[in-house]
Amino acid sequence: RSMRLEASVLLPEYRDPKAGRIDLAASCTGLVNPKERLSLGERLGPGDAIVLLASSGIHANGLSLARKLVERLPQGYLTPIDQSGTRFGEALLAPTVLYSPVTEALWQAGITPHYAANITGHGWRKLLRHPGTFTYRIHSVPAVPPVLKFMQHHAGHDDHEAYSTLNMGAGFALFVAAGDAQRTVEIAQGLGVGARLAGAVQAGEKQVLIEPLGIRFGDDDLQLR
């Protein structure tokens with residue numbers, strides 16, 4: 001196989017005897033084979049396109065905030081998040097999208113991403129993880145999942161804070177040659193994963209510019225808070 005994944009044993013991370021609950025943590029290790037498929041970003045450069053793959057909801061980040069919000073909601077986890085009637089607890093349990101089928105299909109199509117970044121614990125600030133000094137200019141943003149709109153509203157976060165914390169509809173970023181961008185979008189969509197050509201890499205200051213929202217993240221924003 002081109003990739004083998006091994007999940008660790010689930011171990012209790014936190015015990016709360018009074019509440020009668022535990023939080024579980026897990027990890028997953030992947031082996032990339034052949035090594036030519038491994039992309040550490042050495043090919044990333046100005047002119048590359050940024051393709052964002054859609055998230056399915058909260059994914060694995062922001063759950064501490066979600067638990068805090070539950071304490072403020074009169075109906076707790078049973079609170080509807082929108083007119084559809086979906087409850088907050090149900091929305092939080094939406095399965096996280098796995099993007100390995102997309103990267104596998106890109107390999108089969110002869111497309112090798114120059115870099116990739118998961119959008120998790122630091123929200124869209126994760127686009128700054130590459131050590132190089134580039135400007136990541138975003139001109140198109142995906143729709144925000146209802147559960148994240150709900151959380152942003154009840155947490156009182158403006159867009160800058162929300163996009164610096166949550167995935168806000170984008171779970172994974174692929175940086176590909178500009179000529180491969182449209183095909184990358186088509187391949188992802190063909191697998192049922194939402195995708196869009198969202199922006200481009202440019203020479204300049206290390207920053208993320210989310211132009212439709214007037215948001216800027218600089219190099220100093222990629223810090224633990």
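In this predicted model, helix H1, spanning residues 63–70, has Leu 65, Ala 66, Leu 69 and Val 70 among its residues as buried positions. Viewed down the axis of H1, these buried residues fall within an arc of 145°, so they line one face of the helix. The cover over the buried residues of H1 includes helix H2 (88–92) and helix H4.

Helix H6, which comprises residues 181–190, buries Ala 181, Thr 184, Val 185, Ile 187 and Ala 188. Because these residues cover an arc of only 165° around the axis, they lie on the same side of H6. The partners against which the buried residues of H6 pack are strand S5 (49–54), helix H3 (100–108), strand S8 (170–176) and strand S9 (195–203). Just after H6, Gly 192 adopts a positive phi of about 85°.

Strand S7, residues 134–138, is mostly covered, with four of its five residues buried.

| Strand pair | Sense | Bridges |
|---|---|---|
| S7 and S9 | antiparallel | five bridges |
| S7 and S10 | parallel | four bridges |
| S10 and S11 | antiparallel | four bridges |

Ile 138 has bridge partners in two strands, being paired with Gly 199 in S9 and standing opposite Ile 210 in S10. In a regular strand the side chains alternate between the two faces of the sheet. In S10, Gln 207 and Leu 209 point one way while Val 208 and Ile 210 point the other way, and all of these residues are buried. Leu 209 is the bridge partner of Arg 216 in S11 (residues 215–218). The hairpin of S10 and S11 has four residues between its strands, and Gly 214 takes a positive phi near 65° there.

Where does Gln 152 lie? This residue is found in helix H4, which covers residues 146–155. Gln 152 counts as buried because its relative accessibility is 15%, the cut-off for burial being under 20%. The side chain of Gln 152 makes a polar contact of 2.9 Å with the side chain of Asp 159. When residues up to four places away in sequence are set aside, Gln 152 touches His 157, Asp 158, Asp 159, Ala 162 and Met 168.

Taken as a whole, the chain has six helices and eleven strands, and buried residues make up 42% of its 225 residues. Of the contacts between residues at least 6 apart in sequence, 77% join residues at least 24 apart. The accessible surface of the chain comes to about 12300 Å², and carbon and sulfur atoms account for 53% of that area.

Confidence in the prediction should be read alongside this description. The mean pLDDT of the chain is 89, and 89% of the residues reach 70 or more. Over residues 1–14, however, pLDDT stays under 50, and the model has 35 contacts beyond four places in sequence for this segment.

Technical notes
Residues numbered from 1 in each chain as written. Predicted model: local features only at pLDDT ≥ 70, side-chain atom pairs only at ≥ 80, totals over all residues. Heavy atoms only, no water. Buried < 20%, exposed > 50% of the residue type's maximum accessible area, 1.4 Å probe, protein only. Polar contact = N/O pair within 3.5 Å; in protein donor to acceptor, adjacent residues only side chain to side chain. Contact = heavy atoms within 4.5 Å. Areas by Shrake-Rupley, 256 points an atom, 1.4 Å probe, with all protein chains shown as cover. pLDDT = per-residue confidence, 0-100. Arc of directions from axis to C-beta. Pairing = 2+ DSSP bridges.
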